[in-house]
Every structure is written in C-alpha cells, then in structure tokens.
Protein chains: 2
Amino acid sequence: MALFLAIDAGGTSTRTILVNDAGRCLAYSKTAGGNPISSGLEVAAASIVEGVSLCLETAGLEHAAVSGVTLAMAGASTIRQTGWIEVPLGAIGVTAPVRLEHDLLATFHSGTAQLDGYVLLSGTGASAVRIEHGEVVAISDGLGWLLGDAGSGFWIGHRVVQAALAALDRRAAPTRLTELLLRDVDVEAPPDTLDLGRPAAVEAILGKLYTLRPVQLARFASLAFEADGDDAADAIVHEAAQHLVDTLAAVTRPETRGPIVLGGGILTHSHRLSQLIATARQDSDLSVVTDGVVGSAVIALRRAGVDVQPEIHAAIQASARQLRQPAPGPRR
Amino acid sequence: MALFLAIDAGGTSTRTILVNDAGRCLAYSKTAGGNPISSGLEVAAASIVEGVSLCLETAGLEHAAVSGVTLAMAGASTIRQTGWIEVPLGAIGVTAPVRLEHDLLATFHSGTAQLDGYVLLSGTGASAVRIEHGEVVAISDGLGWLLGDAGSGFWIGHRVVQAALAALDRRAAPTRLTELLLRDVDVEAPPDTLDLGRPAAVEAILGKLYTLRPVQLARFASLAFEADGDDAADAIVHEAAQHLVDTLAAVTRPETRGPIVLGGGILTHSHRLSQLIATARQDSDLSVVTDGVVGSAVIALRRAGVDVQPEIHAAIQASARQLRQPAPGPRR
C-alpha cells in the first residue's frame with residue numbers, strides 16, 4: 001500500500017500527515033512555521049523536516065517507503081525549485097520527489113471532494129481563487145498589507161487601532177475599541193491627562209505601536225469582534241465583509257459552479273464575518289476549514305492516480321480529525 | 001535697527017528671511033530640507049546654515065549684527081537643545097541665540113496678526129492646533145502615516161493606489177485612477193494580459209510600489225484631484241475633507257474665536273479640498289498659506305518686544321512676497 005506525506009506549510013505553523021492510498025491518515029504533526037517566504041529557506045526546511053520525522057516516528061517507520069511528498073504553501077508559484085527541501089528530507093531517508101502546490105488549492109480540497117469551486121481566505125492577508133478541474137485558474141487580491149488584502153486581519157486591525165486612537169484624540173465619537181486597545185497594549189494613563197491638549201494615553205499608545213512591524217497590527221483584529229454591537233467596530237466588520245464579498249465576486253463566473261471554501265485565521269475564528277459572507281452568497285454551498293493539510297493529502301492521492309471520491313475524502317477528513325485530537329490525559 | 005533671522009525648516013525645503021524690526025524683509029532664501037527629525041541633525045544644520053549665508057550675502061552683511069534667530073520646525077517640542085544649530089551658525093559669525101518654535105505656530109502667524117485661532121495642516125501628514133495668546137494650547141492628530149494623519153497626502157495617496165489596484169483586480173468598478181496610476185509608475189502592460197487570472201499590470205505595479213517607503217505613497221495624492229469627477233476619486237477627496245474637518249473640530253472650542261489658517265502641500269495646492277473645508281466651516285475667517293516663514297518672522301519680532309499689529313504683519317507679508325518672486329530674466 002502506497003504512503004504519502006502531505007504538508008501544509010503556513011507562516012505560523014506547519015501541519016503534516018502521513019496518509020495511505022485508501023485515504024487513511026496514519027500520523028499527524030504540527031511544527032513551527034514552514035513557509036520559505038516568511039521564514040527563510042533554512043528555517044522553513046527545518047520545520048518541515050521536523051514535522052516529517054515526527055510523523056514517521058509515530059507511524060513506526062524508520063526508513064519510510066514514502067511514494068511522494070506534497071508541500072502546499074503560499075508562494076508555490078514563485079518558488080519553483082525543490083532542492084532546498086528535497087536535500088534535507090533525503091538526509092532523513094525520505095527520497096521521494098517533492099511537489100509544490102498552491103496553498104489555496106490545498107485549502108479548497110480540505111473542504112470538498114469536488115473539482116470546481118472557490119476559496120475565500122482572510123488571515124493576516126486576504127485573497128480569493130477560482131478552481132476548475134482541480135487547478136487554480138484565477139486569483140484576486142492577496143496584494144499585501146500596504147496595497148491590498150482588503151478585509152484581512154491586517155486591514156481590520158489597522159482600522160481598529162485608527163478608530164480607537166481617533167476617539168481618544170476627540171476626532172470621533174467614543175468607542176469601546178479604545179478601552180480594549182488600552183487594555184491590550186497595557187496603557188493605563190487616564191484619558192483626561194493632557195499633554196499639549198492631547199490625552200497622554202495617545203502618546204503612550206503610539207510609543208508601543210510604532211515598535212511593531214506594520215503587519216503586526218493584524219493582532220488587533222480580534223478587538224473588532226470582541227466589541228460586537230459597538231458602532232465603530234460593527235462598521236469595520238461590515239466593511240471588511242463587503243471587501244471580502246467583492247474579492248470573491250472578482251473571481252466568480254456563472255459557468256463555474258461549486259462550493260465556496262472559507263479559510264484563514266479571521267474567517268475560521270469569526271463566526272460573524274463568515275455569516276455576513278454567507279448572507280451575501282445565499283445560493284452557495286459554503287464551508288469553513290482551518291487549514292490545508294487534508295487538501296494537501298487529497299492532491300497527493302490524485303497526483304498518484306487515486307480517484308478521490310467523496311467517500312475517500314471523508315475518510316481522510318475523519319482520520320485526520322481523530323489524530324488531531326489532543327491525546328487524553330492520564331485518568332485520576 | 002535690529003535684524004532677525006526667521007527660518008521655517010521643513011522636511012523638503014527650508015525658507016529663511018532676514019527681517020528688520022519695522023517688518024521689512026531684506027533677503028530671502030530657499031534651501032534643502034532642514035528638519036532634524038526627517039533629515040538628521042547634520043544635514044538639517046547644513047541646509048539651515050546655507051540658507052542663512054545666502055540671506056546675509058544678499059543683504060551685503062558679512063558679519064551680521066543679527067539680534068536673534070527664530071527656527072520654526074516640526075518636532076520643536078521634542079528637540080529642545082539648540083547646540084546642533086548654534087555651533088555651526090556661530091562658525092559663520094551668527095552668534096545670536098536660537099529659539100525653536102512649533103512649525104504650526106509659525107504657519108498660523110504667516111496667515112494672521114491675531115493671537116487666537118486655529119491651524120489645519122495637510123501635507124504628507126495632517127494635524128490641527130488651537131492657538132491662544134499666540135501659543136499652541138491644543139493639538140489633534142499628527143499621529144503618523146500608519147496610525148493617523150487622516151486626510152493627509154499619505155492618506156489620500158494610499159487610497160488612490162488601493163482604489164486603482166482594486167479596479168484593475170476586478171474587485172471594484174473601473175476608475176480613471178487606474179490609468180493615471182499606470183501612467184505615473186510607467187507601466188504599459190495591457191490590462192487584459194492575464195497571469196494566473198490576474199491582470200499582469202497588477203504585478204508590474206506592485207513590483208514598482210513595494211520598492212517605495214510606505215510614506216512615499218503621498219506622491220499619488222495629486223491623482224485624486226486630477227481625476228476630478230470620477231466616483232472613486234471624489235469619494236476619497238470627500239472622505240479626506242471630512243477627516244480634516246473632524247481633526248479641526250477636535251481642537252475647536254466656542255470660547256476661542258479667531259481665524260483658521262490652512263497649510264501644508266495638500267491644502268495649498270488643492271483648491272477643491274480647501275473649498276470643502278470652507279463649506280463645512282462657513283462661519284469662519286479662512287485663509288491658506290504656503291509655509292511658515294512669515295510667521296517665523298512675526299514670532300521673532302514679538303519675542304523681541306515688537307508689537308506686531310496688522311500693518312507690520314502686512315509689511316512682512318508684502319516684502320517677503322516681493323523677494324520670493326523669481327528674478328526677471330535678461331531682456332531680449
């Protein structure tokens with residue numbers, strides 16, 4: 001029975017499964033970020049090799065008879081070489097060829113066994129793709145925090161911080177976002193302490209935020225959901241939803257029918273945002289997936305000639321889910 | 001008769017005038033950026049010394065009997081030391097003490113002889129101040145490109161680029177901003193060339209824009225005014241005006257009556273934006289000034305005990321204006 005390694009290498013974590021050609025997952029691991037663009041080739045390769053080693057160890061396979069390695073990652077279309085990962089994998093006995101795949105394609109196949117449809121992603125960045133015959137044929141947005149990624153975690157977090165500061169600076173009506181931001185950056189200055197007619201808390205917040213890289217403002221996106229019901233927060237969430245709907249619409253065409261798979265940290269964790277998108281696309285079959293590792297396995301099997309019908313797809317999903325559950329602790 | 005050097009040291013240029021205590025300007029010069037925060041102390045000092053030398057040369061004063069030097073600049077409240085500029089000025093014979101002044105205070109006094117009122121500035125950044133008894137007593141915004149500066153050149157330019165790209169990426173309706181941006185960054189790829197379903201021009205623009213520092217997107221602000229009548233452009237300009245009105249409102253209080261002076265490259269060059277602000281503040285006495293060098297002279301005279309009434313203010317303005325006119329070329 002042939003064995004495959006399926007990897008989803010993200011910016012913050014790497015997920016790896018060892019799967020057989022009947023769709024049964026034998027091992028699962030989660031290691032540090034393995035995306036060569038955000039982490040660099042060496043660090044990325046080390047995370048991936050560690051994840052593969054853990055899987056082979058769990059499955060009790062020292063010299064793995066692995067038929068193929070599928071590596072899904074952002075930037076797969078830019079980095080076409082595979083030597084940076086094939087050489088270190090070879091060193092631990094995994095000599096099968098590595099195939100790079102688009103991370104959004106893996107996200108899609110994590111959610112469905114179908115071959116046509118759409119992915120809408122909102123994590124730190126945001127983008128949408130159209131998939132036909134199991135391949136990515138169109139993409140929109142994903143243009144980065146400064147020039148695009150409308151409706152992404154950065155986009156929301158940036159506006160949260162701007163709205164919180166504008167209120168503190170008396171340029172806008174009060175909003176709960178201000179107290180949530182003060183709490184998050186641990187600033188206690190009372191809002192009425194004035195420094196040249198400006199609340200001292202404004203300067204204190206600036207001092208903390210300007211030490212971050214701009215893209216790190218994405219961490220404040222969660223405040224928009226926490227402040228549910230606040231006018232400023234709701235306006236940000238609704239505008240984000242509208243942008244994401246526009247991004248999805250940009251790749252939609254009536255001839256291509258199929259499910260819409262939502263992914264990325266923002267859409268995975270915010271039920272409200274995914275609900276707003278579902279409302280705008282009422283006619284659609286919509287699902288949410290947490291990552292692309294199941295899809296990476298689906299692609300691995302298909303590239304090896306396995307016909308991944310819904311039953312096999314369900315088998316991969318179910319066996320992966322079981323392995324992901326944290327091991328039960330010792331009974332007391 | 002006492003002589004004063006009045007300097008307005010901006011990020012992109014430094015303006016210097018030599019003025020006597022009757023309000024008559026004897027010399028004017030314009031040199032490179034002289035703001036120590038954006039240019040560094042050494043480069044800033046060199047630009048300022050060059051400007052002073054040019055003025056003394058024009059006036060035929062080798063060993064200047066200058067009674068005082070007033071240096072208006074952004075960040076005057078942060079950089080309180082003056083040694084960095086007094087030492088190099090001393091080396092060319094100018095030994096009078098240097099007083100640092102808030103650049104927005106100088107902008108205000110460039111526009112009016114009154115002692116109470118407001119300044120609204122939109123250049124690369126944006127902020128507003130309230131002035132009472134000739135001093136800055138309250139400030140709003142000016143929080144920098146990432147966290148504030150709502151309605152500034154960066155704010156407008158950033159949105160121009162995002163709107164142009166969103167239309168090219170089929171996430172928004174077509175806008176003239178796209179063709180203007182393509183022209184400005186010199187990208188000729190026809191919009192229908194597709195690279196993985198995305199117009200090739202998008203990638204080409206990203207390649208050019210991601211080599212800029214983010215704040216340099218301010219240079220695209222002018223496209224919003226050039227595309228007058230275009231829906232997307234007009235929406236950006238109207239939102240910018242609303243932000244600037246809010247920033248001004250944040251420092252306004254009914255007890256403080258006085259003129260509103262508009263300054264900064266965006267408000268100086270865009271008649272439309274200043275008109276929108278004038279409409280929102282109909283009751284007000286509004287004027288636009290190009291810089292703070294006249295105001296720097298007003299402050300210099302007042303600090304020396306001269307009572308700068310409207311006639312002296314008008315004399316400084318008129319004589320400075322005359323000196324700024326480019327010298328007539330040789331007759332043919």
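Trainee: How many residue pairs are in polar contact between chain B and chain A?

Mentor: The count is 18 residue pairs, both at pLDDT 80 or more, where a polar contact is a pair of N or O atoms within 3.5 Å, one able to donate a hydrogen and the other to accept it, and residues adjacent in sequence count only if both atoms are side-chain atoms. This is a predicted model, in which local features need pLDDT of at least 70 and side-chain atom pairs count only at pLDDT 80 or more, while totals for chains, interfaces and linings use all residues. Residues are numbered from 1 along each chain as its sequence is written, chains are lettered from A in the order in which they are written, and side-chain values use heavy atoms, with hydrogens and water left out.

Trainee: And how many salt bridges across the interface of chain B and chain A?

Mentor: The rule finds two, taking a side-chain nitrogen of Lys or Arg within 4 Å of a carboxyl oxygen of Asp or Glu; A:Asp141 and B:Arg171 meet in a salt bridge at 3.4 Å, N to O.

Trainee: What area is buried there?

Mentor: About 3,200 Å² is buried between chain B and chain A, with carbon and sulfur atoms giving 60%; this is the accessible area (1.4 Å probe) lost on putting the two parts together, summed over both. B:Leu146, B:Leu147 and B:Arg171 supply 25% of what chain B buries against chain A, more than any other three residues.

Trainee: Switching topic, what is the strand order in the open sheet of chain B?

Mentor: The order is 3-2-1-4-5, with mixed pairing, where two strands pair if DSSP finds at least two bridges between them, and strands are DSSP runs (E, at least two residues) numbered from the N terminus. Strand 3 (25-32) and strand 5 (98-102) of chain B stand at the edges, each with a single partner strand, so one side of each has no neighbour in the sheet.

How values were computed. Helices (H or I, at least four residues) and strands (E, at least two) are DSSP runs, numbered from the N terminus.
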